[in-house]
2 protein chains.
Amino acid sequence: MTTASDPRRFDVIVIGAGPGGLTVAAGLAGLGRTVALVEQGRVGGDCTNTGCIPSKRLIHVARTGGHAGAGDAMAEVRATRDGLAAREREEFRDHPLIALMEGHAALVSRGLVRVRAGGVTALLSAPHVVIATGSAPLVLPIPGLPPERTLTSDDLFDVDQLPRGLAIVGGGPMGLEIGQALAALGTQVTIVEVADRPLAAAAPEASEVLLRAITARGVSVLTRTRAVSYDAASSTLRVAGPDGEHEIAGVDAVLMAAGRRPRTAELGLAQVGVATTPDGHVPVDSWGRTRVRGVWATGDVVPGSHQTNAAGALGRRIVQRLAFPWLPPVGRVRAVPQAVFTTPEVAWVGRVGQDLDAACHPSAITRVRVDLAATDRGLTDGLTEGFVMINAVRLTGRIVGATVVGPGASDLITVLALAIDRRASLFAMSRLTYPYPALSGAIGKAADEFARRTMGNLRREATGYARFRLARARGRR
Amino acid sequence: MTTASDPRRFDVIVIGAGPGGLTVAAGLAGLGRTVALVEQGRVGGDCTNTGCIPSKRLIHVARTGGHAGAGDAMAEVRATRDGLAAREREEFRDHPLIALMEGHAALVSRGLVRVRAGGVTALLSAPHVVIATGSAPLVLPIPGLPPERTLTSDDLFDVDQLPRGLAIVGGGPMGLEIGQALAALGTQVTIVEVADRPLAAAAPEASEVLLRAITARGVSVLTRTRAVSYDAASSTLRVAGPDGEHEIAGVDAVLMAAGRRPRTAELGLAQVGVATTPDGHVPVDSWGRTRVRGVWATGDVVPGSHQTNAAGALGRRIVQRLAFPWLPPVGRVRAVPQAVFTTPEVAWVGRVGQDLDAACHPSAITRVRVDLAATDRGLTDGLTEGFVMINAVRLTGRIVGATVVGPGASDLITVLALAIDRRASLFAMSRLTYPYPALSGAIGKAADEFARRTMGNLRREATGYARFRLARARGRR
């Protein structure tokens, strides 16, 4: 169709059809822009094909039970995933303003992109190019572990027979979600985590509840431990932990869940002057702009959280900036909530755990915690675990971060994300009316507790706050 | 202890120990005030003893199953209820600043309250008296229906043997919640509703989904129908509906769920000059103050929604006003969310249904609706029903009202209640980051839809908005 001397012209070229790329493509096409959308793998990206969608479907299938076996469960997961992928592919293929292309894209120069598929090459041009190529799972080398026994999220959902024994390297969200779901389906799961607790990015209190819950459900969690070597003949994984090395028998496969790496190596970024960080990320401003005019990025290639929601949020900002540059700039994204869909669910927003400790002086912060079991809904529903915990600036009640553990944590955290976004203090959250007896009432109860504690000791709180502000002002000099 | 000539003095007298009264008593006592708390029935009020708590426990027990029978379920409900009531009673009885008294209280004059228990009378005095006596279920007369076959929320949870066949008069929140739960426990339930749909206060779309769901679960719902008479010998209820009169056989008892009436008759309100509305409500301002200085009211005695959350919210405002009169006035309560704990849950906030139609010109409003089945979480969890529906002012996106139907609706509505409270437009809600794939993402999806529709037709939307503002301005002249 096109030759190298005659590039096809578009308003925007989007490289990568995952959540970030699809958000930008759909948003701009919906506003009348012509979009070239290039994907070398599957439309939907990791989220639809190897990430959130299949993992959440697996969790749901494992929770609700009623399956002949793990193989059946995986078949259900694949059916859901493939159904969504097909729907997304059709939706984008049929859009009159979107040209969906399969192939590998790379920047040739600013505004010029070469697409290779099989032996065919096409040239595309557009004033704007959006990099949304996502990331790939990191595979840590374990001596002796053969490739056919190494699983990542890329291939996990395509196995027909689940391993009877599985070691998971990494106790982050993915390792915990998959580990708990597979354990419910009958797999013997051992999680190997190098940090001193699972879910190290969360508040320690959340890790504690989750560790107890997941262990009670039959998952073995080894902390401060790393995989050392594997013996295929005996299906044994050797690990090194705080008490020295030991062996785990009956490990038929190892799932890598220890992080991801952005796919930015072969995109020609250097060619057009876009620098990447040492680990391959593309730095952008709050509008998704790189330092090079006309080159944008969103999703996992951007430093920060590797999350579908972040990809979509930044994607929407790119759409707004491209389509309505005259719109007044909106504030930066203040709060990106995180959710882990284990049982119980764990979610947090803002500064929690180490991040909080690093950023805020402890005497500047008031922490309030309400256990769900102590709420009226917790009572009627017989809840025994879970909590709402909010960190707020002393005296003023400005919310700095929050953690929720329990049923619907991913929805409760949205309330707190909105509170942070709208700068609603805990006093304001205390005045809000909550449905009764909804779990979200625990947020109100925590806010009441803050208000009571603060107003009941107003002088002490005011002095403490003033002292902290003073210390901060001195520290700045 | 005291004689009529020597009243016991307190900072505040609270009449009624339900959610409203307990909030005020606990709040003020926590701030060092002395409180007399007078209750003629059970501490905890209707919420703990005959309302939210036992009904939500019943719903949970019915949902999770695993019981020998309905009698067992009721025993479980009572155990939970009595446990909470005992805990609340002890908590308040043991508080050093709260004098908990059993008996009937009435105002003698401003600041003076007489308490009668058995043959004993005591006089209490305080500069402030808070009326929080709640409400009692309305019992509609049905000719032929004997008292022992008439149930209200006051006695329902104390029956040992659930009726095999039950008619419920009233298709509001309570009738629907109880009806669905008892049907799950094996009772044949018929709901008799005089309006043309159940849950008439909600949006018609919510009634529709709920009617389908509750009917599919075996509850019979008769709309535009009223109970005419009852024949005890044949256990037959005669009803009059749109097709004339007919009989329902096998009705062993009738549960009254057609509204409540404030308990304000014998409080001596007229004595001190506090007027009540014709149906017995006590009008108050946004701080819970009646027209008479030093007399306050909260809870079901106040006109408006009969809800635990409203009682607590106004109670907290009373506490703030009494304890910190110098605090700057906070804005009025903008959004009181409502939740019905059926399966699916139904919740709404702000103006919906008839209320919206009455208050807003249809051309001023943009309605966006996202079906949960069309969301990614809906897909992974196999949801087939439920939605998020938001009514917003055209062009500006100011949220006027919202309805959520589905799992966790009572938590999702809290997000929208906070949005209304903080005046976050749908544009702001579209920029918010939601956890993925959480159900709350449906709110973001609805907001995106609004933004897309508005920004994609900006001229039309601006013209439509201007025309509506103009019409409103003309209408005002």
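Which residue stands opposite Arg114(B) in strand 7 of chain B? Keep that in mind; the tour will come to it.

**Before you start**

This is a predicted model, in which local features need pLDDT of at least 70, side-chain atom pairs count only at pLDDT 80 or more, and totals for chains, interfaces and linings use all residues. Residues are numbered from 1 along each chain as its sequence is written, while chains are lettered from A and ligands numbered from 1 in the order in which they are written.

Colour chain A by pLDDT, the predictor's confidence in each residue, from 0 to 100. Chain A averages 92, and 95% of its residues score at least 70. For the model, ipTM is 0.91 and pTM is 0.92.

**Stop 1: the two chains together**

Show both chains. Turning chain A by 180°, with 0.0 Å of shift along the axis, superposes it on chain B with an RMSD of 0.0 Å. This is the relation of a two-fold axis. The superposition is by least squares on the C-alpha atoms of residues with pLDDT of at least 70 in both copies.

To find the axis, select Val415(A): of the residues of chain A, its C-alpha comes closest to the rotation axis, at 2.4 Å.

Now select the contact between the chains, where two residues count as touching if their C-beta atoms, placed from the backbone, lie within 7 Å. Helices here are DSSP runs of H or I with at least four residues, strands are runs of E with at least two, and both are numbered from the N terminus.

**Stop 2: the domains of chain A**

Chain A is assigned domain 1 (8–136 + 261–323), domain 2 (147–258) and domain 3 (338–476); the bounds come from an automatic or database domain assignment.

Select domain 1 and domain 2 of chain A: their C-alpha centres lie 29 Å apart. Their contact takes 14 residues from domain 1 of chain A and 15 residues from domain 2 of chain A. On the domain 1 side, helix 3 and helix 4 of chain A are the elements that give two or more residues, and helix 4 of chain A gives the most, with seven.

**Stop 3: sheets in chain B**

Bring chain B back. Look for the open sheet of four strands in the order 1-7-6-5, with mixed pairing; strands pair if DSSP finds at least two bridges between them. Strand 1 (8–9) and strand 5 (104–109) of chain B are at the edges, each with a single partner strand, so one side of each has no neighbour in the sheet.

Within it, six bridges join strand 6 (residues 112–117) and strand 7 (residues 120–125) of chain B in the antiparallel sense. Here is the reply to the opening question: Arg114(B) stands opposite Leu123(B).

Next, find the open sheet of five strands in chain B, ordered 10-17-11-12-13 with parallel pairing. Its edge strands are strand 10 (150–151) and strand 13 (220–222) of chain B. Thr150(B) stands opposite Val254(B) in strand 17 of chain B.

Then select strand 15 (residues 236–241) and strand 16 (residues 244–248) of chain B, which run antiparallel and share five bridges. A hairpin joins them through two residues, and Arg238(B) has Glu247(B) as its bridge partner.

**Stop 4: backbone details**

Most residues other than glycine have a negative phi, and most peptide bonds are trans.

- Thr343(A) and Pro344(A) are joined by a cis peptide bond, with omega about -5°.
- Tyr436(B) and Pro437(B) are also joined by a cis peptide bond, with omega about -10°.
- Leu199(A) has a positive phi, near 55°, and is found in the loop between strand 12 (188–192) and helix 7 (204–216) of chain A.
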